[in-house]
Amino acid sequence: MNILDKIIADKAKEIELKKSLIPVSQLESSVLFERKCLSLAESLKNGSGIIAEHKRRSPSKSVINQDLNVQDVVYGYEKAGASGISVLTDGKYFGGSLEDLLYARASVNIPILRKEFMIDEYQVLEAKAYGADAILLIAAVLTEQQMTYLANSAKSLGMEVLLEVHNEEELKKSLEVNTDMIGVNNRNLKSFEVSIENSKKLSSLIPDQLVKVSESGISNTNTIAELKIFGYQGFLIGENFMKTSNPGQAAEKFITELKSIA
Ligand SMILES: O=P(O)(O)OC[C@@H](O)[C@@H](O)c1c[nH]c2ccccc12
(Lines give C-alpha, C1' and ligand atoms only; values in the text may rest on other atoms or scores of the structure.)
Protein backbone atom coordinates (compact mmCIF):
# COMPACT_ATOMS: atom_id res chain seq x y z
CA MET A 1 0.00 0.00 0.00
CA ASN A 2 1.51 3.39 -0.99
CA ILE A 3 1.52 6.38 1.31
CA LEU A 4 -1.50 7.98 -0.37
CA ASP A 5 -3.60 4.82 0.10
CA LYS A 6 -2.52 4.74 3.75
CA ILE A 7 -3.51 8.37 4.29
CA ILE A 8 -6.92 7.79 2.71
CA ALA A 9 -7.55 4.59 4.70
CA ASP A 10 -6.72 6.41 7.93
CA LYS A 11 -8.82 9.40 6.85
CA ALA A 12 -11.92 7.24 6.36
CA LYS A 13 -11.57 5.86 9.91
CA GLU A 14 -10.95 9.36 11.30
CA ILE A 15 -14.12 10.70 9.65
CA GLU A 16 -16.32 7.89 10.99
CA LEU A 17 -15.05 8.60 14.51
CA LYS A 18 -15.57 12.36 14.17
CA LYS A 19 -19.12 11.89 12.87
CA SER A 20 -19.96 10.06 16.10
CA LEU A 21 -18.40 12.80 18.25
CA ILE A 22 -19.50 15.96 16.40
CA PRO A 23 -22.81 15.56 14.55
CA VAL A 24 -23.45 17.53 11.36
CA SER A 25 -26.02 19.64 13.22
CA GLN A 26 -23.24 20.89 15.51
CA LEU A 27 -21.08 21.89 12.52
CA GLU A 28 -24.06 23.70 10.99
CA SER A 29 -24.59 25.67 14.20
CA SER A 30 -21.06 27.14 14.02
CA VAL A 31 -21.05 30.97 13.96
CA LEU A 32 -18.85 30.72 10.87
CA PHE A 33 -21.35 28.58 8.95
CA GLU A 34 -23.29 31.61 7.70
CA ARG A 35 -20.13 33.61 7.02
CA LYS A 36 -19.74 35.09 3.53
CA CYS A 37 -16.55 33.58 2.09
CA LEU A 38 -13.70 35.52 0.51
CA SER A 39 -12.69 34.66 -3.07
CA LEU A 40 -9.28 32.99 -3.31
CA ALA A 41 -9.53 32.98 -7.12
CA GLU A 42 -10.04 36.75 -7.24
CA SER A 43 -7.31 37.34 -4.69
CA LEU A 44 -4.84 35.34 -6.79
CA LYS A 45 -5.73 37.25 -9.96
CA ASN A 46 -5.44 40.67 -8.29
CA GLY A 47 -2.62 40.17 -5.82
CA SER A 48 0.82 38.60 -5.44
CA GLY A 49 -0.56 35.17 -6.40
CA ILE A 50 1.25 33.53 -3.48
CA ILE A 51 -0.71 31.02 -1.40
CA ALA A 52 1.48 30.67 1.68
CA GLU A 53 1.10 27.39 3.56
CA HIS A 54 1.18 26.42 7.22
CA LYS A 55 2.59 22.90 7.34
CA ARG A 56 4.46 21.48 10.36
CA ARG A 57 5.61 18.25 8.73
CA SER A 58 5.02 15.96 5.77
CA PRO A 59 5.62 12.31 4.82
CA SER A 60 8.32 13.42 2.35
CA LYS A 61 10.18 15.75 4.70
CA SER A 62 9.12 14.54 8.20
CA VAL A 63 9.44 17.52 10.60
CA ILE A 64 9.65 20.89 8.84
CA ASN A 65 8.85 23.24 11.75
CA GLN A 66 6.87 22.43 14.89
CA ASP A 67 8.05 25.33 17.04
CA LEU A 68 5.87 28.17 15.79
CA ASN A 69 2.27 28.99 16.55
CA VAL A 70 -0.09 29.11 13.62
CA GLN A 71 -1.46 32.57 14.43
CA ASP A 72 1.99 34.18 14.16
CA VAL A 73 2.80 32.30 10.96
CA VAL A 74 -0.38 33.18 9.07
CA TYR A 75 -0.44 36.79 10.36
CA GLY A 76 3.12 37.12 9.06
CA TYR A 77 2.02 35.71 5.70
CA GLU A 78 -0.82 38.23 5.43
CA LYS A 79 1.51 41.08 6.37
CA ALA A 80 3.99 39.85 3.73
CA GLY A 81 1.36 40.30 1.01
CA ALA A 82 0.27 36.71 0.42
CA SER A 83 -2.92 36.41 -1.68
CA GLY A 84 -4.10 33.47 0.40
CA ILE A 85 -3.26 31.03 3.16
CA SER A 86 -3.22 27.23 2.98
CA VAL A 87 -3.68 25.39 6.28
CA LEU A 88 -2.95 21.66 6.53
CA THR A 89 -5.59 20.11 8.81
CA ASP A 90 -4.41 16.48 8.57
CA GLY A 91 -2.91 15.50 11.91
CA LYS A 92 -1.23 12.12 11.57
CA TYR A 93 0.95 12.82 8.50
CA PHE A 94 1.17 16.65 8.43
CA GLY A 95 0.87 17.70 12.07
CA GLY A 96 -2.12 19.95 11.39
CA SER A 97 -5.61 20.26 12.89
CA LEU A 98 -8.99 21.91 12.43
CA GLU A 99 -8.02 24.11 15.39
CA ASP A 100 -5.17 25.46 13.23
CA LEU A 101 -7.79 26.45 10.66
CA LEU A 102 -9.90 28.18 13.32
CA TYR A 103 -6.88 30.06 14.72
CA ALA A 104 -5.90 31.08 11.19
CA ARG A 105 -9.42 32.35 10.54
CA ALA A 106 -9.24 34.45 13.71
CA SER A 107 -5.87 35.89 12.64
CA VAL A 108 -6.20 36.99 9.00
CA ASN A 109 -8.66 38.65 6.62
CA ILE A 110 -7.41 37.02 3.41
CA PRO A 111 -8.80 33.80 1.85
CA ILE A 112 -7.93 30.52 3.59
CA LEU A 113 -7.74 27.14 1.82
CA ARG A 114 -8.39 24.06 3.90
CA LYS A 115 -5.62 21.71 2.76
CA GLU A 116 -7.02 18.26 3.48
CA PHE A 117 -7.58 14.83 1.92
CA MET A 118 -11.27 15.34 1.21
CA ILE A 119 -13.28 12.16 0.66
CA ASP A 120 -16.58 12.84 2.46
CA GLU A 121 -19.12 15.69 2.50
CA TYR A 122 -18.72 15.82 6.30
CA GLN A 123 -15.27 17.33 5.73
CA VAL A 124 -16.75 20.03 3.48
CA LEU A 125 -19.14 21.02 6.28
CA GLU A 126 -16.19 21.04 8.71
CA ALA A 127 -14.28 23.36 6.38
CA LYS A 128 -17.10 25.91 6.41
CA ALA A 129 -17.72 25.55 10.16
CA TYR A 130 -14.05 26.23 10.96
CA GLY A 131 -13.72 29.26 8.66
CA ALA A 132 -12.32 28.07 5.32
CA ASP A 133 -13.01 30.03 2.12
CA ALA A 134 -11.92 27.20 -0.19
CA ILE A 135 -11.33 23.47 -0.14
CA LEU A 136 -8.82 21.29 -1.97
CA LEU A 137 -9.98 18.27 -3.96
CA ILE A 138 -7.26 15.80 -4.98
CA ALA A 139 -8.03 14.04 -8.27
CA ALA A 140 -5.51 11.30 -7.44
CA VAL A 141 -7.80 9.94 -4.70
CA LEU A 142 -11.29 10.77 -6.04
CA THR A 143 -13.50 9.60 -8.91
CA GLU A 144 -15.09 12.18 -11.20
CA GLN A 145 -18.42 11.53 -9.46
CA GLN A 146 -16.91 12.10 -6.00
CA MET A 147 -15.23 15.33 -7.16
CA THR A 148 -18.50 16.56 -8.69
CA TYR A 149 -20.44 15.83 -5.51
CA LEU A 150 -17.88 17.38 -3.13
CA ALA A 151 -17.33 20.43 -5.36
CA ASN A 152 -21.08 21.10 -5.60
CA SER A 153 -21.37 20.72 -1.83
CA ALA A 154 -18.58 23.28 -1.27
CA LYS A 155 -20.09 25.70 -3.81
CA SER A 156 -23.53 25.39 -2.17
CA LEU A 157 -21.90 26.61 1.07
CA GLY A 158 -20.29 29.58 -0.72
CA MET A 159 -16.78 28.14 -0.75
CA GLU A 160 -14.49 27.88 -3.77
CA VAL A 161 -12.75 24.75 -5.02
CA LEU A 162 -9.08 24.18 -5.88
CA LEU A 163 -8.97 20.91 -7.82
CA GLU A 164 -5.52 19.39 -7.76
CA VAL A 165 -4.11 17.19 -10.52
CA HIS A 166 -0.71 15.64 -11.12
CA ASN A 167 -1.03 14.27 -14.66
CA GLU A 168 -3.06 14.44 -17.89
CA GLU A 169 -5.34 11.54 -16.95
CA GLU A 170 -6.34 13.24 -13.67
CA LEU A 171 -6.87 16.54 -15.51
CA LYS A 172 -9.10 14.92 -18.13
CA LYS A 173 -11.43 13.45 -15.49
CA SER A 174 -11.65 16.86 -13.77
CA LEU A 175 -12.74 19.06 -16.67
CA GLU A 176 -16.49 18.69 -16.04
CA VAL A 177 -16.21 19.35 -12.30
CA ASN A 178 -17.57 22.70 -10.96
CA THR A 179 -14.21 24.11 -9.83
CA ASP A 180 -12.82 27.65 -9.68
CA MET A 181 -9.13 26.76 -9.85
CA ILE A 182 -7.00 23.91 -11.15
CA GLY A 183 -3.85 23.19 -9.16
CA VAL A 184 -1.00 21.24 -10.71
CA ASN A 185 0.99 19.47 -8.02
CA ASN A 186 4.65 19.34 -9.03
CA ARG A 187 5.12 16.66 -6.37
CA ASN A 188 4.03 13.11 -7.07
CA LEU A 189 2.10 12.29 -3.88
CA LYS A 190 3.15 8.63 -4.16
CA SER A 191 6.85 8.87 -5.07
CA PHE A 192 7.42 12.42 -3.66
CA GLU A 193 9.38 13.20 -6.85
CA VAL A 194 9.14 16.97 -7.59
CA SER A 195 9.36 18.62 -11.01
CA ILE A 196 8.23 22.14 -11.97
CA GLU A 197 8.15 20.84 -15.56
CA ASN A 198 4.89 19.14 -14.56
CA SER A 199 3.13 22.51 -14.34
CA LYS A 200 4.54 23.59 -17.71
CA LYS A 201 3.56 20.31 -19.35
CA LEU A 202 -0.09 20.43 -18.21
CA SER A 203 -0.76 24.18 -18.49
CA SER A 204 -2.05 24.15 -22.10
CA LEU A 205 -4.63 21.48 -21.19
CA ILE A 206 -6.26 23.66 -18.48
CA PRO A 207 -9.26 25.70 -19.74
CA ASP A 208 -8.48 29.43 -19.80
CA GLN A 209 -11.51 30.35 -17.68
CA LEU A 210 -10.04 28.53 -14.67
CA VAL A 211 -7.35 30.04 -12.45
CA LYS A 212 -4.16 27.99 -12.81
CA VAL A 213 -2.23 27.27 -9.60
CA SER A 214 1.20 25.64 -9.44
CA GLU A 215 1.85 23.74 -6.23
CA SER A 216 4.97 22.36 -4.48
CA GLY A 217 8.67 22.56 -4.93
CA ILE A 218 8.70 26.32 -5.54
CA SER A 219 11.67 27.99 -3.85
CA ASN A 220 12.73 30.88 -6.07
CA THR A 221 11.12 33.84 -7.79
CA ASN A 222 12.52 32.94 -11.23
CA THR A 223 10.33 29.85 -11.17
CA ILE A 224 7.29 32.07 -10.64
CA ALA A 225 8.30 34.33 -13.55
CA GLU A 226 8.64 31.24 -15.78
CA LEU A 227 5.30 29.77 -14.71
CA LYS A 228 3.49 33.09 -15.32
CA ILE A 229 4.50 32.72 -18.98
CA PHE A 230 2.56 29.43 -18.92
CA GLY A 231 -0.51 31.24 -17.58
CA TYR A 232 -0.21 30.42 -13.88
CA GLN A 233 -1.67 33.02 -11.51
CA GLY A 234 -1.41 31.14 -8.22
CA PHE A 235 1.65 29.62 -6.53
CA LEU A 236 1.36 27.38 -3.46
CA ILE A 237 4.47 27.51 -1.30
CA GLY A 238 4.95 25.74 2.02
CA GLU A 239 8.35 24.27 2.87
CA ASN A 240 10.40 27.16 1.45
CA PHE A 241 8.81 29.43 4.09
CA MET A 242 8.07 26.92 6.88
CA LYS A 243 11.67 25.64 7.06
CA THR A 244 12.79 29.06 8.35
CA SER A 245 12.52 30.42 11.89
CA ASN A 246 10.24 33.22 10.61
CA PRO A 247 8.04 32.09 7.69
CA GLY A 248 6.31 35.49 7.45
CA GLN A 249 9.67 37.22 7.02
CA ALA A 250 10.72 34.65 4.41
CA ALA A 251 7.46 35.26 2.53
CA GLU A 252 7.95 39.04 2.71
CA LYS A 253 11.45 38.74 1.23
CA PHE A 254 10.16 36.43 -1.49
CA ILE A 255 7.21 38.67 -2.43
CA THR A 256 9.36 41.83 -2.40
CA GLU A 257 11.81 40.10 -4.77
CA LEU A 258 8.90 38.96 -6.93
CA LYS A 259 7.68 42.54 -7.29
CA SER A 260 11.15 43.65 -8.35
CA ILE A 261 11.31 41.17 -11.23
CA ALA A 262 7.64 41.46 -12.33
O1 LIG B 1 6.10 22.39 0.73
P2 LIG B 1 5.99 22.67 -0.76
O3 LIG B 1 6.92 21.81 -1.61
O4 LIG B 1 6.11 24.15 -1.07
O5 LIG B 1 4.47 22.23 -1.21
C6 LIG B 1 3.38 22.99 -0.68
C7 LIG B 1 2.05 22.30 -1.11
O8 LIG B 1 1.99 22.34 -2.51
C9 LIG B 1 2.01 20.86 -0.63
O10 LIG B 1 2.02 20.86 0.78
C11 LIG B 1 0.77 20.11 -1.13
C12 LIG B 1 0.20 20.24 -2.38
N13 LIG B 1 -0.87 19.41 -2.49
C14 LIG B 1 -1.01 18.70 -1.34
C15 LIG B 1 -1.96 17.74 -0.97
C16 LIG B 1 -1.87 17.20 0.31
C17 LIG B 1 -0.84 17.60 1.19
C18 LIG B 1 0.11 18.58 0.82
C19 LIG B 1 0.01 19.12 -0.44
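**Helix packing, core and pocket**

A: The buried residues of α10 pack against β1 (50–54), α9 (197–203), β9 (211–215), β10 (234–237) and α12 (247–261). Please note that this is a predicted model.

Q: Which residues of α10 are buried?

A: In α10, which covers residues 221–229, the buried residues are Thr221, Thr223, Ile224 and Leu227. Seen down the helix axis, the buried residues of α10 fall within an arc of 150°, so they line one face of the helix.

Q: Why would residues three or four places apart point the same way?

A: An α-helix has 3.6 residues a turn, so residues with that spacing point the same way.

Q: What is found at the start of α10, and what follows the helix?

A: At the start of α10, a side-chain oxygen of Asn220 comes to within 2.9 Å of the backbone nitrogen of Asn222. After the helix comes Gly231, with a positive phi near 90°.

Q: Turning to α6, how many of its residues are buried?

A: Eight of the nine residues of α6 are buried, so this helix is largely enclosed by the rest of the structure. The buried residues are Tyr122, Gln123, Val124, Leu125, Glu126, Ala127, Lys128 and Ala129.

Q: Which elements do they pack against?

A: The buried residues of α6 pack against α1, α2 (24–28), α5 (98–107), β5, β6 and α7 (144–156).

Q: And which residue caps the N-terminal end of α6?

A: Asp120 does, through a side-chain oxygen that lies 2.7 Å from the backbone nitrogen of Tyr122. α6 is followed by Gly131, whose phi is positive, near 100°.

Q: What about the loop between α6 and β6; is Asp133 there buried or exposed?

A: Asp133 is buried, and its relative accessible area is 0%. Its side chain makes a polar contact of 2.6 Å with the side chain of Arg105. Beyond its neighbours within four places in sequence, Asp133 is in contact with Arg35, Cys37, Leu38, Arg105, Ile110, Pro111, Ile112, Met159 and Glu160.

Q: Where does Arg105 belong?

A: Arg105 is one of the buried residues of α5, together with Leu98, Asp100, Leu101, Ala104 and Ser107. The buried residues of α5 pack against α1, β1, α4, β4 (84–88), β5 and α6. At the start of α5, a side-chain oxygen of Ser97 reaches to within 3.3 Å of the backbone nitrogen of Glu99.

Q: How many residues does the largest nonpolar core have?

A: The largest nonpolar core has 85 residues, and those with the most contacts inside it are Ile50, Tyr77, Ile135, Leu137, Met159 and Phe241.

Q: What is Ile135 in contact with?

A: Apart from its neighbours within four places in sequence, Ile135 is in contact with residues including Leu113, Met118, Val124, Ala127, Leu150, Met159 and Leu162. Its contacts also include Arg114 and Glu160.

Q: Changing topic, how many residues line the largest pocket?

A: The lining has 31 residues, and those nearest the centre of the pocket are Glu53, Lys55, Lys115, Arg187 and Ser216. About 450 Å³ of space lies in this pocket.

Q: Which element gives the most to the lining?

A: α1 gives the most, with three residues. α1 (3–21), β6 (134–138), β10 and α11 (239–242) each supply at least two residues of the lining.

Q: Last one: where is Leu68?

A: Leu68 is in the loop between β3 (62–63) and α4 (70–80). It is partly exposed, with a relative accessible area of 25%. Leu68 and Met242 are 174 residues apart in sequence and 9.3 Å apart in space, C-alpha to C-alpha.

How values were computed:
Residues are numbered from 1 along each chain as its sequence is written. This is a predicted model: local features need pLDDT of at least 70, side-chain atom pairs count only at pLDDT 80 or more; totals for chains, interfaces and linings use all residues. Side-chain values use heavy atoms; hydrogens and water are left out. Buried means under 20% relative accessible area, exposed over 50%, partly exposed in between (1.4 Å probe, protein chains only). Helices (H or I, at least four residues) and strands (E, at least two) are DSSP runs, numbered from the N terminus. The arc is that of the directions from the helix axis to the C-beta atoms. Contact means heavy atoms within 4.5 Å. A polar contact is a pair of N or O atoms within 3.5 Å; within protein, one must be able to donate a hydrogen and the other to accept it, and residues adjacent in sequence count only if both atoms are side-chain atoms. A nonpolar core is a set of buried Ala, Val, Leu, Ile, Met, Phe, Trp, Tyr and Cys residues joined through side-chain atoms within 4.5 Å. On a 1 Å grid over the protein atoms alone, a cavity is a set of points where a 1.4 Å probe fits but cannot get out, and a pocket is an open set with protein on both sides within 12 Å along at least five of seven lines; lining residues have an atom within 4 Å of a point. Grid points are joined across faces, edges and corners, and a volume is the space filled by probe spheres set on the points.
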